[in-house]
Amino acid sequence: MSTTFDGASAARAATGAPADVPDLPAGFVWGAATAAYQIEGAVDEDGRGESIWDVFCRRPGAVADAASGAVACDSYHRWREDVDLLAGLGVDAYRFSVAWPRVIPTGRYGVNQAGLDYYDRLVDALCERGIRPFVTLYHWDLPQALEDEGGWRARDTAERFAEYAGLVAGALHDRVEDWITLNEPYCSSIVGYAEGRHAPGATEGHAALAAAHHLLLGHGRAVDAIRAAAGPRTRVGITLNLSPVVPATGTDADRATAHRLDLMLNRQFTDPVLSGEYPTGFERLYAGVSDLSFRRDGDLDVISAPLDFLGVNYYYRLHAAAAPHAQPDPALRSAADIGVRQVRPEGVATTGLGWPVEPEGLFDTLTGLAERYPDLPAVYVTENGCAELRDGPEPDPERIAFIAGHLAAASRAADRLELRGYFYWSLIDNFEWARGYGPRFGLAHVDYATGIRTPKASYHWLRDRLQAWHARTA
Ligand code: FCB
């Protein structure tokens, strides 16, 4: 079923002449991405409030090596170096996130001006270097005070999120035109409230579905709040993590399983946002959950507010096989327990995290969106990246091959939709959530003892391609 990725030939092709820059639409935006909790550190400085990740990291066994984002890449102090790296790389844009608890420490009332000032300085520095800021408002770091009041289980959190989004947009809109409301609500809801692998570490059934709905409601309300605060030049989108799901075998059981996983991972989010409805059959995934009263009349109209763009994070394709439910009683199942076992495709290269390298999955994701949603807005690939487990800024040919392969796939998809840009994840190595500091996704290596950033071979490789691109399209 799976397409084998020939990393070696992609790397060969990728390191050839400048002409190997893929064919992509004029005005294509090249960028790199990070997120606040993964790079900033300084969790106790200048009045920042506590986030659910600060608390989750203290839970024994929650994070590899008991690591946390308390120091991370120290970008709160070393952000000028990050901006220098971006400028040296020659990207057009930088996608970073604002930490809600830095700006509104308790999630409601009371702005922390010192926290807001940090982003103000960063945005100024980016604009001075001609780098367009793409600001994500929620990359998973909910103020803990709001979690204590129910977190995303509670409808009120959606309203608080919209207030915060409007506030940040009001403060930065004179220089920021591109806003992303949420990053990967699947992870914030299902991984955080059902699987328990991410903050807040809950393993609940019903509540995780409510969390997913409230995240989407918060997104819709934030779209309005950002537009109201920032005016007509504003562009607003949402970033979803999407993966095509292929059945491990041709059996009916595996096909049905792949469909269930597609509903849970992809269409639980794309359908409400892009079509204003939940997918048919979605409720049947959760036979034990009868109370869906968290969905109220009118919510889907809010959730499906027209967008200026959709952000797609793509890492790997999923291969699904039928499996028994972990919890036989449907009423007691976590919302992640839908009878699926993920299998690794044979003969496919994997990244340091064991994720299959299948650029074809990016092509399928992008073209699949264009086929399913007639009103699909413009699309950016807002994350795509490859991890290694080695520590050190030595050559990283697998990353070069990974990027080249995925750009080729994006380029092939680009005549079927309005593909506007590609952001590599990540500019620098950083705190990889529950996996701690082992996996390194950066174009630049970070020595966590000293904070020193050192560009890797992939950074130089991409810089050369971007120079050639800009020369060709100038
Ligand atoms: C995505 C997250 C991002 C990063 C990458 C590897 O799911 O959005 O923060 O951790 O995975």
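Predicted model: local features only at pLDDT ≥ 70, side-chain atom pairs only at ≥ 80, totals over all residues.
Trainee: Which radius of gyration does the chain have, and what would a compact globule have?

Mentor: One compares the value with a rule based on chain length. A compact globule of 474 residues would come near 23 Å, and the chain has 21 Å, so the two agree. The C-alpha trace spans about 60 × 55 × 45 Å along its principal axes.

Trainee: What share of the residues counts as buried?

Mentor: Of the 474 residues, 61% are buried. As for the surface, the chain exposes about 17,100 Å², and carbon and sulfur atoms supply 51% of that area.

Trainee: Is Thr257 buried or exposed?

Mentor: Buried means under 20% relative accessible area. Thr257 has 1%, so Thr257 is buried.

Trainee: Where is Thr257, and which residues is Thr257 in contact with beyond its neighbours within four places in sequence?

Mentor: Thr257 belongs to helix α11, which covers residues 252-275. With those neighbours left aside, its contacts are Ala320, Ala321, Ala322, Gly339 and Val340. The chain as a whole has 15 helices and 13 strands.

Trainee: How many positive and negative side chains are there, and how far apart are the centres of the two sets?

Mentor: Count each set, then compare the centres. There are 44 positive and 64 negative side chains, and their centres lie 2 Å apart.

How values were computed
Residues numbered from 1 in each chain as written. Heavy atoms only, no water. Helix = DSSP H or I, 4+ residues; strand = E, 2+ residues; numbered from the N terminus. Rg over C-alpha atoms; globule rule 2.2 N^0.38 Å. Buried < 20%, exposed > 50% of the residue type's maximum accessible area, 1.4 Å probe, protein only. Areas by Shrake-Rupley, 256 points an atom, 1.4 Å probe, with all protein chains shown as cover. Lys, Arg positive; Asp, Glu negative; His and termini not counted. Charge placed at Lys NZ, Arg CZ, Asp CG, Glu CD. Contact = heavy atoms within 4.5 Å.
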